[in-house]
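Subject: A structure for you to explore

Hi there,

Here is the structure I promised to pass on to you. Have a look around it first, and then read my notes below.

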Amino acid sequence: MAAPIVKLDNIHKIYASGEVEVHAVRGISLEIQKGEFIAIMGSSGSGKSTLMNTLGCLDRPTRGSYLLDGINVSALNRNELADMRNQKLGFVFQGFNLLSRTSALENVELPMLYAPRRISAAEMRERAMHSLEIVGLAARHDHLPNQLSGGQQQRVAIARALVNRPQLLLADEPTGNLDTKTSVEVMGVFQKLNDAGITIVMVTHELDIAHFCKRNLIVRDGLVVRDELVVNRSIAAEEMKKHLAAETAAKLTVAAP
Amino acid sequence: MRLVATTIIALRALRRNKMRSVLTALGMIIGVGAVIAMVSIGNGAKVQVEASIASLGQNIISVFPGTLTTGGARGGWGSASTLTPEDALAIQAEIAGVVAVSPEVRDRQQVLSNGLNWNTSINGVSPDFLSIRDWGLAEGVIFTDLEVRSTAKVAVIGQTVADQLFPGSSPVGQTLRIRNIPFKIIGLLKPKGFNYFGSDQDDTVLIPYTSAMRRVARRTTLSSILIQSTTQNQMPRIQQEITDLLQQRRQGREPDFTVRNQMELAEAATATSRTMTGLLGAIAGVSLIVGGIGIMNIMLVSVTERTREIGIRLAIGAHDHDIRLQFLIEAMVLSLMGGALGILIGVGASQIVSQLNGWPVQVSSASIIVAFVFSGAVGIGFGFYPAHKAAKLDPIEALRFE
Ligand SMILES: Nc1ncnc2c1ncn2[C@@H]1O[C@H](COP(=O)(O)OP(=O)(O)O)[C@@H](O)[C@H]1O
Ligand SMILES: [Mg+2]
């Protein structure tokens, strides 16, 4: 088997702010192979975001080792971590986190502006447009975030996460602010990306959403308590059809006297 | 350092919030505009003072009656009038390096001609007066030493007097009455304009000082003595020798005269305008600093307001120095733009002031360069703290910021 993209070994995270110490992650070991599509589930406060921030090189574990694409992340300084985030990782947040009053295109260009190697304006534009095409929003490239729906904003955020061709796409509750239909839409984009070979790890509360993934982890009190492959996983395109059919049926029922 | 990319980022951030950018730069615009306008007006005044001092003539020493060392009941200049024509003659005869001497006897009189009259200043002088004051004749001649000795009734008049008494005709050859005594006009002075005290130098009638003493002012003493030396570096020596000579002629009495050179008079006049320029500049400089603090203030607010934006940038790979540089460039672009606009407004304002008030205004390129460089420095100086604050943010906390 090829070397894993992510190898966590006995990771601990202890927050020492204030009087009480919070032991948010208590020794998680985990391997993620290229091409996986993982949903992390668990109740609020169980340590999912802490784990994601560690995976995302936004935060360093208190203890334990983390190899990302063979690189020992624990030994890197602040700016080296920033380069890892820029080059190897893509982020999608619950709150979209797009720059306001900035066009979709410029939002997607942003990670390239922070790339260690300088990228020409023409190449930036071309790559950003390509990313927007992947999420189906090329026609909206000059729209501002407040001119886009929540689902569209999240797709712009996904395009931004993709633009530097990351090894690993991380999404912390990407559908948390979206309704069912748009959630399925976003999961469709993820499935398409995963089919193209991109490794994805996401956090979700909803079992339905987790069912679109290939592997589900359940976290409780800072530990992975279940780790299983999804059988019979949902396919976004089919779910969308079902959803539309249900909608039509509902309309007919209401319309009928 | 990703200078090009960070510049793009900073410019995009400024464009994103045009209103905030303009308001931030406003302090700078006003500050720099004020500096340019104030310094231009001050410079204009200084240049005018210098020009009118130069128009007084070169290398001139003046002797005034009275002393400046006022103490007790002693008066100032002109209070004890004991300066005599003999003093002037002695200076001319005994001191080396003196090229010209002219006594001055000043009086104000109503002068009449052709049924017109005009109140003007009568100045009794010697023929040397014109070369000392570097003043030429438009027409006619100046009186001779012989005419001085014979207390001749001849006069050379200024342009203003000519305009008042002989409108539309040449005054030379005509007659003018001072205290009802007819004086023959033998010359017309070239126009000289206003001096730095604002008085019209052409509003004058020159007559021999002897005639002025005996016939017009009816006094035996002089208002002052003007002395011109050959070169400027002789001036201190000549000034000292004049003092010694006059003191010696007074045989042990307390000094009742003051010797001043033109440099000292000029100094006093330019010092005033320099103080003015300095004061105006200082006020304007304060407004520049206030402008800088305004930029810092808004940048600090904007760091807080933009915490989430900074978090996003950090999360997708910005280094701390990228953030610092971005905020510095933003501050610098704002203050330089403010500076450039301020320069335009300052130049415009000083032009308007000069049009409206007729003040001479001199926009110096030095003040423009200084203002521009200074506004850049203000941008860096006052931008640094907010930039540093932004760069230190923790990505996770910044992202969580509402
Ligand atoms: N910066 C922090 N400082 C202190 N405690 C924290 C911090 N971040 C998270 N925690 C705590 O760590 C635990 C796990 O939080 P988190 O990873 O956000 O959970 P989840 O995302 O699963 O809801 C919680 O008890 C939370 O209060
Ligand atoms: Mg969470």
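**Helices around helix 12 of chain B**

Helix 11 (residues 320–357) of chain B packs against helix 12 of chain B with an angle of about 150 degrees between them, and their axes are 7 Å apart. That angle makes the two helices, helix 11 of chain B and helix 12 of chain B, roughly antiparallel. Their crossing is right-handed. Sorted by class, the residues in this contact are 16 nonpolar, seven polar and two charged. Please keep in mind that this is a predicted model.

If the angles and distances are new to you, here is the idea: two packed helices are described by the angle between their axes and by the distance between those axes.

Helix 12 (residues 365–391) of chain B also meets helix 2 (residues 18–54) of chain B: the axes come within 10 Å and cross at roughly 155 degrees. Do helix 2 of chain B and helix 12 of chain B run roughly parallel or antiparallel to each other? They are roughly antiparallel, because angles over 145 degrees count that way. The crossing of helix 2 of chain B and helix 12 of chain B is right-handed. On the side of helix 2 of chain B, the contact is made by B:Met28, B:Val32, B:Ile36 and B:Val39. Helix 12 of chain B contributes B:Ser367, B:Ile368, B:Ala371, B:Ser375 and B:Val378. Of the residues in this contact, seven are nonpolar, two are polar and none is charged.

Now for helix 9 (residues 262–305) of chain B. Its axis and that of helix 12 of chain B come within 9 Å and cross at roughly 25 degrees. Helix 9 of chain B and helix 12 of chain B are therefore roughly parallel to each other. Here, too, the crossing is right-handed. Residues of helix 9 of chain B in this contact include B:Leu288, B:Gly292, B:Met296 and B:Thr304. Among those they meet in helix 12 of chain B are B:Phe374, B:Val378, B:Phe382 and B:Lys389. The classes in this contact are 13 nonpolar, two polar and one charged.

**Ligand 1**

Where does ligand 1 lie? You will find it between chains A and B. It is surrounded by 13 residues, and the closest are A:Gly45, A:Gly47, A:Lys48, A:Ser49 and A:Thr50.

- A polar backbone atom of A:Gly45 is 2.7 Å from an oxygen atom of ligand 1.
- For A:Ser46, a polar backbone atom is 3.3 Å from an oxygen atom of the ligand.
- For A:Gly47, a backbone N or O atom lies 3.1 Å from an oxygen atom of ligand 1.

A:Asn79 belongs to helix 2 (residues 78–88) of chain A. Which residues does A:Asn79 contact, leaving aside its neighbours within four places in sequence? They are B:His319, B:Asp320 and B:His321. With B:Asp320, the side chain of A:Asn79 makes a polar contact of 3.2 Å.

A:Ile218 sits in strand 9 (residues 215–220) of chain A. Not counting residues up to four places away in sequence, A:Ile218 touches A:Met41, A:Leu223, A:Val224, A:Val225 and A:Arg226. A:Gly151 is 67 residues from A:Ile218 along the chain, and the C-alpha atoms of these two residues are separated by 26 Å.

Enjoy exploring!

Best wishes

Notes:
Residues are numbered from 1 along each chain as its sequence is written. Chains are lettered from A and ligands numbered from 1 in the order in which they are written. This is a predicted model: local features need pLDDT of at least 70, side-chain atom pairs count only at pLDDT 80 or more; totals for chains, interfaces and linings use all residues. Side-chain values use heavy atoms; hydrogens and water are left out. Axes are lines fitted to C-alpha atoms, for helices over the stretch in contact, and angles run from 0 to 180 degrees between N-to-C directions. Helices (H or I, at least four residues) and strands (E, at least two) are DSSP runs, numbered from the N terminus. Angles under 35 degrees count as roughly parallel, over 145 as roughly antiparallel, 65 to 115 as roughly perpendicular and the rest as oblique. A crossing is left-handed if the near helix is turned anticlockwise from the far one by less than a right angle, and right-handed if clockwise. Contact means heavy atoms within 4.5 Å. Ala, Val, Leu, Ile, Met, Phe, Trp, Tyr, Cys and Pro count as nonpolar, Asp, Glu, Lys and Arg as charged, and the others, Gly among them, as polar. A residue is near a molecule or strand if one of its heavy atoms lies within 4 Å of it. A polar contact is a pair of N or O atoms within 3.5 Å; within protein, one must be able to donate a hydrogen and the other to accept it, and residues adjacent in sequence count only if both atoms are side-chain atoms.
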